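Subject: Structure handover

Hello,

My notes follow below it.

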Amino acid sequence: MLEDKNTHRTDLSQLGEFGLIDLLTRDFPLHNPSSLKGIGDDAAVIDFGEEKAVVSTDLLIEGVHFNLAYMPLKHLGYKAIMVNLSDICAMNALPTQVTVSLAVSNRFPVEALQELYEGIRLACDIYKVDLVGGDTTSSTRGLILSVTALGKAPLEKIVYRNGAKENDLIVVTGDLGAAYMGLQILERENEVFKVNPNLQPDLEPYQYLIERQLKPEARKDIISLLEALEVRPTSMMDISDGLSSELLHICKQSHVGCRLMEDKIPLDPTLINVCEEFALSSTMVALSGGEDYELLMTIAPADYDKIKGNPNLTVIGYITDESLGCNLITRANEAIPLKARGWNAF
C-alpha cells in the first residue's frame, strides 16, 4: 500500500529548512478573516475580537501512534489535523487555525513530505482552517508530527468536561468501535504480508472500518447542529481513548456517577460482523477501542425533545449521584463497574 512508485527523490539538504517550508506550504490559502498573518514571519497574527480562543496540541510519533507499513502519508497528514480539530470541537468551539511541526529522518525524500502535506492541505480545505505556522527539524529515527489547533467561541458557548449534573442524558455522535477494528484488520494483513509479500489482501468487505482508522473526521458539523437545535451540552469531550475512559473523565471531573446502557451503544453492522470474525465483544471494542473522534456529551433532560430522533445523536445513558458509581447496565440488566481500558500513552 505504501510502496513509493515515485522514482525521483529530492534530498532535504537540497532545499534547506526555509526552502522546504516554502515548498510544502505555498498552496495553503487563508480561509478565516481572523488570520491576519499566516506563514512567513516570526509568528502568526490572529484576531478573535470578542470571541475566546481555545488551543489544543497533539504529538504523533512513528512506531507509537502510526505504522507507515499501512498508513499512507497523505492519510497521516489528514488524520494529524483531524485529531486536533476534534479537541477544539469537543469544547463546542469552531476550529480556525493549525500549526504543524515536523521532525524527519533522512530516509524521507522531499516528495514523501509533499505527500504528507497534501493530506494536511486537504484537511485544511475541507474544514476551512488555516495553516499559520510550525517548525521543521531533523530526526535520528523516523517521523514525528506535532500539530497545534486553535479555535474560537463566545464564552457562554464553551463547554468543559466538569459540568455534568445528576439526571443529565449521556449522548454520543455517530457509531463507536469502528476505528479500532479497522486497526486490527490492518495489523492482521500486515502480518500476513510479512510472511507472503505476494499475497494481496481483499480489504473491500472492511472498507468502512479501515476508513474510520485511516481517515477519521472531526465532528465540526455537530457544533453547528447543536447551535441550530439551541442545545448547549452541560459537558463534552471527544472519544479518542475509548468511550469508557472518556465517560469516566467526565464523571470524575463533574463529581457524578453514571449508568451507561449496553443496548443503546451505537454500533455499525459491519463492526458487529467483524467482531464475530475476530472473536471479540463488540461492546468491549466500543467501550475501549478509541480513535473514533466522535463527541461524547451530557445534556439537560429539558433538551431531550430537541434531540430525540436526530440521526446524528444517540442517548446511551444518564448521569447519577456520585455515590452510585459509574456502571455499565448490560443487556441482562446487570450493573458492571465501568473501567478505563482504552489507550494509555505510557
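Asparagine 333 sits in the loop that joins β12 (326-329) to β13 (335-337). The model is a predicted one, and in it asparagine 333 has a positive phi of about 65°, although it is not a glycine. Asparagine 333 counts as exposed because its relative accessible area is 61%, and the cut-off for exposed is over 50%.

Alanine 279 also has a positive phi, of about 55°, and it is not a glycine. Its place is the loop between α8 (269-277) and α9 (282-288). With a relative accessible area of 70%, alanine 279 is exposed.

Is glycine 177 buried or exposed? Glycine 177 is buried, since its relative accessible area is 0%. This residue belongs to the loop between β7 (169-173) and α4 (178-195). Apart from its neighbours within four places in sequence, glycine 177 is in contact with Leu271, Val285, Ala286 and Asp292. The C-alpha atom of glycine 177 is 11 Å from that of threonine 270, and the two residues are 93 residues apart along the chain.

Two packed helices are described by the angle between their axes and the distance between the axes. For α4 and helix α5 (residues 207-214), the angle is about 100° and the axes are 7 Å apart. The pair is therefore roughly perpendicular, as angles of 65 to 115 degrees are classed that way. On the α4 side, the contact is made by Ala178, Ala179, Met181, Gly182, Leu183, Ile185 and Leu186. On the α5 side, the residues are Tyr208, Leu209, Ile210, Arg212, Gln213 and Leu214. Sorted by class, this contact has 10 nonpolar residues, two polar and one charged.

How many cavities of 30 Å³ or more does a search of the whole structure find? The search finds one. The volume of the largest cavity is about 40 Å³. Its lining consists of Leu60, His65, Phe66, Met71, Leu76, Lys79, Val83 and Glu291. Helix α2 (residues 73-89) supplies the largest share of that lining, with three residues. By class, five of the lining residues are nonpolar, one is polar and two are charged.

Regards

Conventions
Residues numbered from 1 in each chain as written. Predicted model: local features only at pLDDT ≥ 70, side-chain atom pairs only at ≥ 80, totals over all residues. Heavy atoms only, no water. Helix = DSSP H or I, 4+ residues; strand = E, 2+ residues; numbered from the N terminus. Buried < 20%, exposed > 50% of the residue type's maximum accessible area, 1.4 Å probe, protein only. Contact = heavy atoms within 4.5 Å. Axes fitted to C-alpha atoms, helices over the stretch in contact; angles between N-to-C directions. Parallel < 35°, antiparallel > 145°, perpendicular 65-115°, else oblique. Nonpolar A, V, L, I, M, F, W, Y, C, P; charged D, E, K, R; others polar. 1 Å grid on protein atoms, 1.4 Å probe; cavity = no way out; pocket = protein on both sides within 12 Å on 5 of 7 lines; lining within 4 Å. Points joined across faces, edges and corners; volume = space filled by probe spheres on them.
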